[in-house]
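Here is my note on the two-chain model you asked me to look through, arranged as numbered points. Please keep the structure open beside it as you read.

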Amino acid sequence: MNSVRWPNLLGPAIVLGLVAFVIFGPLANLFLWAFAEKWYFPNKIPQEFGFSFWGRVFSPRGGALTSLGLSIWIAILTVIVSLAVAIPAGYALARLKLRWRGLILLAFLLPQAVPNLPVYVNIARVFYELGLNGTILGVVLVHASHGLVLAVWIASAAFASIDVSLEEASRNMGASPWTCFRTVTLPLAAPGLIASAIFVFLESLDEFTGTYFVGVPDVTTLPLLMFNASMGGNYQIASITALLLLIPSIAFMLVVERFLKADVLAGVGR
Amino acid sequence: MTDVAHPLPARGEGVSADARTGRWRAYALVAPALIVIALFFVLPLILSAVLAFRNKGGDFTFEHFAKAWDLYRTDLLFTIGIVLLATILIGLVSIAIAGYLTLGENPRAVAILRWLYRWPLFIPFIVTGQIMRTFLAKNGMLNHVLIGSGLIEPLAAQSLLDWRGIVVAFVWKQAPFVTLLLAGAMASLESQHIEAARNLGARRFRVLIDIVLPQVRGTLLVGLVLSFVTMLSVLSVPMMINPNSPTMITVDVAYRISTLSDYAVANALCLMSLIVAAGGAWFYLQHSKAQLQ
C-alpha cells in the first residue's frame, strides 16, 4: 500500500468536515438554544447564556415534568401491551404450523407500507365517539398498534433463531410445552425481545402525529409540549424539551452501535 | 416446519385430533395481533373510504374529492413534488455514502464516515423539525456559517423555512436509513467482482455505477419506496417548518379536522395521498419484477 501523502488526505478531510457540519451543525444549534438566555440576530451565538429556561421548564407550572412522566408512563404501557400480543404471535409464526403464514406476515407488513395519516385521523374519530379521545388508554392503544408491527417481526426472528433441538431436548426430558417455553425458549429469545421492547419504547416516546389527533386536549406528551412551545415562538423551551427527547434515543444508539452490523441488515427486504 | 409437540401423522392416517388442536392453538396465538391490525388499521382505512365518498344524505358522491381538489390542488402537487425530490436526493446521498464506505481506500476516513452518518437515524421527525426550524432560519447557524466564511453577504441571508427546508429535513432524516440498508447490501456482495474490475484498471466511480449498484438495486428500491411512503405521512416536519400554503397536505388534513371538523374533505385528501403511495408501491413492483426477469 502506498504511503498516504497529505494531498490525498485533503479531499476526504474536506468532505468529512462538510458531512460533520451537516450532521452536527443542526444539533449544535439545538444545544445553543437550550442554554441561551437571549439571542437576537445578527449575533452568531447567544448574547447571554443561562439556565433560567431550564428552571422554567422544570418548574411545576412549566409542565415539562408532567409531560415527561406521562410520555414515559405511556411508553411503558405501550411496551407491555405490544409485547403481550406480539410474543405469542411471533412464537406461532416462528415455530408452529400455520397454513396462511405468508398472508399473515404480509398483514403485519401492511401498517408500515401504508401512510399513517388516514389511520390516525379516523381512529381519532372513532375514539371520539367512544369517549377514548384525550385519554391515556386511547393514546396507548394507538401507540401499541404501531409498535406491535415491529415487535411481531423482531419476536418472530428472535424465536426462529433459537435452535429447535434445544426445545426438543427439554420436551424429551418431560417438560410440558409451557415449561419448555418458560425455561428454554423465552430466556434464549430474551435479547431479541428486549431489543424489540426498546424499539417500541422509543417509538412511543417520540410519537407525534397519532398523539396529536387522539391525545388532544388532555394528554400532552413531551413531543406535543415541544411542538406547542416551538409554534409559540419559545425556542428555548422547545430546544430543552427536544434535548430531553433525544437523550433516550442517543443513549440507545451508543449502546446498540455494536449490534447494528451492516451485513445483518442486508437481509432486509428479501 | 413441524411443531415439536405435534409431529405430522404418518401417511395414510389422516389428520389426527392432536394435529388439529395444534393448528387451532397456533391460530389462537396469532389471533390477538391480527385483531389489533384489523381494528386499528383495516377498519380506519375502510372508514376513511366511507367518509370520503358519502355525502350528508348518505349517498355515494365525488363532491368531497372535487372540493379537496379545488381547495388543495396546489398543495397536493406540492406534496408529490417535495417527496419525489427528497426521495431522489436521498437516493443520491445514500449511494454516495454507501459507495464510499464500500470502496473507500482510506480506512480512517471510512471509519469516521461510518460513525458520522448514523446520528440522524435516532432522531425522531418531531425533533428534526425543531432542529431545522432553528438551523435554517434567517438567524440560524447555517446562515451564520455562510456569512462567517464569506460565502454570502449578510444582507443576502435567506431563511430556508419553505419547501427547501422541508426537503432538507427529509433528506437529513431519511438518507441515513437508506444508507444503512445500502451499505449492508453492498457489504454482502462478493468482493471478487469489485477486485476483478479494479485489477482491470476501472476507476472506483465506474465500479460503483457498473458493478456494485446493479447488484444492490433491490435494496435501494426497497429503501427508497419505504422512505417515499413514510415522508408522505409526516405531519410534524411541514407543520414546524412551513405551515403556510403551499405546504404538504398532511398539514391541510390536520387543519381541516382540528379547525373545521371536516372529516369528509380530510379523508378525501388522505385517500389521495394513499393513491400517491400506491403509485410508489406500483413503481417498486414494476421495477423489482423487471429485475427478476
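1. The bend at a residue is the angle between axes fitted to the seven residues ending there and the seven starting there, while helices (H or I, at least four residues) and strands (E, at least two) are DSSP runs, numbered from the N terminus. With those terms in hand, look at helix 6 of chain A, which bends by about 30 degrees at Leu148(A). This helix covers residues 136-160, 25 residues in total, and from its first C-alpha to its last it reaches 34 Å, close to the 36 Å expected at 1.5 Å a residue; the expected span is 1.5 Å times one less than the number of residues.

2. A word on the basis of these values: this is a predicted model, in which local features need pLDDT of at least 70 and side-chain atom pairs count only at pLDDT 80 or more, whereas totals for chains, interfaces and linings use all residues. Residues are numbered from 1 along each chain as its sequence is written, chains are lettered from A and ligands numbered from 1 in the order in which they are written, and side-chain values use heavy atoms, with hydrogens and water left out.

3. Chain A as a whole has 11 helices and 2 strands, and from the N terminus its elements follow the order α-β-β-α-α-α-α-α-α-α-α-α-α. Of its 270 residues, 49% count as buried, where buried means under 20% relative accessible area, exposed over 50%, and partly exposed in between (1.4 Å probe, protein chains only). Contact means heavy atoms within 4.5 Å, and among the contacts in chain A with a separation of 6 or more, 67% come from residues 24 or more positions apart.

4. How many residues does each chain bring to the contact between them? Chain B gives 81 residues and chain A gives 90, and the area buried between the two is about 8,100 Å², with carbon and sulfur atoms giving 78% of that area; buried area is the accessible area (1.4 Å probe) that two parts lose on being put together, summed over both. On the chain B side, helix 1 (residues 17-53) gives the most, with 18 residues. Between the chains there are 0 salt bridges (a salt bridge is a side-chain nitrogen of Lys or Arg within 4 Å of a carboxyl oxygen of Asp or Glu), but 11 residue pairs are in polar contact, both residues being at pLDDT 80 or more. A polar contact is a pair of N or O atoms within 3.5 Å; within protein, one must be able to donate a hydrogen and the other to accept it, and residues adjacent in sequence count only if both atoms are side-chain atoms.

5. Two residues show this meeting of chains in detail. Ser239(A), in helix 11 (residues 235-256) of chain A, is buried because its relative accessibility is 0%, and a polar atom of its side chain lies 2.8 Å from the backbone oxygen of Tyr235(A). Leaving aside neighbours within four places in sequence, Ser239(A) is in contact with Leu30(A), Trp33(A), Ala34(A) and Gln130(B).

6. The structure holds 5 salt bridges over all chains. One of them joins Glu167(A) and Arg95(A), with the closest N and O atoms 2.7 Å apart; Glu167(A) sits in helix 7 (residues 164-172) and Arg95(A) in helix 3 (residues 64-95) of chain A, 72 residues apart, so that the pair links distant parts of the chain. Glu167(A) counts as buried at 2% relative accessibility, and Arg95(A) counts as buried at 5%.

7. In chain B, Arg206(B) forms a salt bridge with Asp210(B), the closest N and O atoms being 2.8 Å apart. These two are separated by about one helical turn because they stand 4 residues apart in helix 8 (residues 204-215). Arg206(B) is partly exposed at 44% relative accessibility, as is Asp210(B) at 45%.

8. Finally, helix 9 (residues 217-232) of chain B is mostly covered, with 12 of its 16 residues buried, among them Gly223(B), Phe228(B) and Met231(B).
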